[in-house]
Amino acid sequence: MCLKVLLVDDHVMITDCYKMVLKDLEINSEITSVNSLKCAYNFVFKQNLEVIDLAVLDLSMPECLENNLKNGEDLAKLLRTKHPEIKIIFISGYLNKLTLSSIIKNINPEGLVEKSDLDYDSIHVIFKKIVEGEVYKSERINKTINENRINNIHFNILNREIILLISQGITTKNLPNYIPLTLSAIHKRKSAIKELLHINTGNDEDIIRESRKIGII
C-alpha cells in the first residue's frame with residue numbers, strides 16, 4: 001500500500017522537515033507538500049485524487065478568500081468531506097481554548113500538536129503512532145483540553161450569559177430584563193464568578209478581562 005500524504009504549511013522548511021521524518025519511517029508513501037491554502041485547495045480539488053490518506057496541516061496561514069479558506073481548519077473541513085477516511089494532524093503554534101474547541105468539535109483530528117512541544121524525535125514518534133491508527137495529543141494540547149473541561153463544569157449557561165451580557169455593556173441592575181434571575185441571584189452569581197476567576201476585588205471590567213483570557217467569551 002502506498003500512503004498518500006499531503007503536507008500544508010506556509011513555511012517551506014517545516015514541510016521539508018516533515019518529509020524527512022516520513023521518509024525515515026520507511027513507509028511506502030507518495031508525499032505532496034504545498035505552502036499556501038490556495039495551492040492546497042488546487043491540489044485537493046483539481047487533481048481529483050481518489051484518496052488522501054494523511055494530511056498534516058498548520059492552522060494559521062494566509063487566507064485564500066476566493067475559496068473561502070480562512071485557515072487550516074477550513075481546509076480540514078473540506079478534506080473530511082471529500083476524503084472521509086483521511087487522517088488529519090494539526091501541528092500549529094499556540095492554540096487558544098476557543099480555537100482548540102472548534103477544531104475538536106468540527107474536525108476531531110487524529111493528531112493535535114503545538115509546535116513548542118516538538119523536536120525531530122517526537123515528530124517521528126507522532127507520525128508513526130498516527131499512521132498505525134493511534135490518536136495523539138501533545139502535552140500542551142492536553143493541558144488546554146483539561147482547562148476547558150474545568151471551565152465547562154464551573155461556568156454553566158447562566159454564568160456565561162451574565163458574562164456575555166456585561167461584556168456587551170448591560171449593567172447589573174438591568175440583567176433581570178435579559179435572563180430569568182432576580183437581581184439578588186445575579187449578585188450572588190457574580191460573586192461566584194469572581195471567585196472562579198480568582199478576582200479578589202474588582203468590577204465588571206475585571207470579569208470581562210479574565211474571561212477573555214481563558215476563552216469563556
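This is a predicted model: local features need pLDDT of at least 70, side-chain atom pairs count only at pLDDT 80 or more; totals for chains, interfaces and linings use all residues.

Biologist: Which residue of β4 is the bridge partner of leucine 57?

Modeller: Phenylalanine 90 is the bridge partner of leucine 57.

Biologist: Which helix packs on the sheet there, touching β1, β3 and β4?

Modeller: That is α3, residues 72-82, which touches β1 (3-8), β3 and β4. The direction of α3 makes about 175 degrees with that of β4.

Biologist: What is the strand order of the open sheet?

Modeller: The order is β2-β1-β3-β4-β5-β6, six strands with parallel pairing. β2 (29-34) and β6 (136-137) each have a single partner strand, so one side of each has no neighbour in the sheet.

Biologist: Back to β1. Is β1 mostly covered or mostly uncovered?

Modeller: Mostly covered: five of the six residues of β1 are buried.

Biologist: How many bridges does β1 make with β2, and how many with β3?

Modeller: β1 pairs with β2 over six bridges, in the parallel sense. With β3, also running parallel, β1 is joined by four bridges. On the β2 side, valine 8 stands opposite valine 34. On the β3 side, leucine 6 stands opposite alanine 55.

Biologist: And how does the chain get from β1 to β2?

Modeller: Through helix α1, residues 12-24, in a β-α-β crossover that is right-handed.

Biologist: Change of topic. Where does serine 138 lie?

Modeller: Serine 138 is in the loop between β6 and α6 (139-154).

Biologist: Buried or exposed?

Modeller: Buried, at a relative accessible area of 1%. The cut-off for buried is under 20%, so serine 138 qualifies.

Biologist: What is serine 138 in contact with, leaving aside neighbours within four places in sequence?

Modeller: Leu112, Val113, Glu114 and Asp117.

Biologist: Last topic, the whole chain. How many helices and strands are there?

Modeller: Nine helices and six strands. The radius of gyration is 22 Å, well over the 17 Å from the globule rule for 217 residues, so the chain is more spread out than a compact globule. The C-alpha trace spans about 65 × 35 × 25 Å along its principal axes.

Notes:
Residues are numbered from 1 along each chain as its sequence is written. Side-chain values use heavy atoms; hydrogens and water are left out. Two strands pair if DSSP finds at least two bridges between them. Helices (H or I, at least four residues) and strands (E, at least two) are DSSP runs, numbered from the N terminus. Contact means heavy atoms within 4.5 Å. Axes are lines fitted to C-alpha atoms, for helices over the stretch in contact, and angles run from 0 to 180 degrees between N-to-C directions. Buried means under 20% relative accessible area, exposed over 50%, partly exposed in between (1.4 Å probe, protein chains only). A crossover is right-handed if, with the strands pointing away from the viewer, the path from the first strand over the helix to the second runs clockwise. The radius of gyration is taken over C-alpha atoms; the globule rule is 2.2 Å times the number of residues to the power 0.38.
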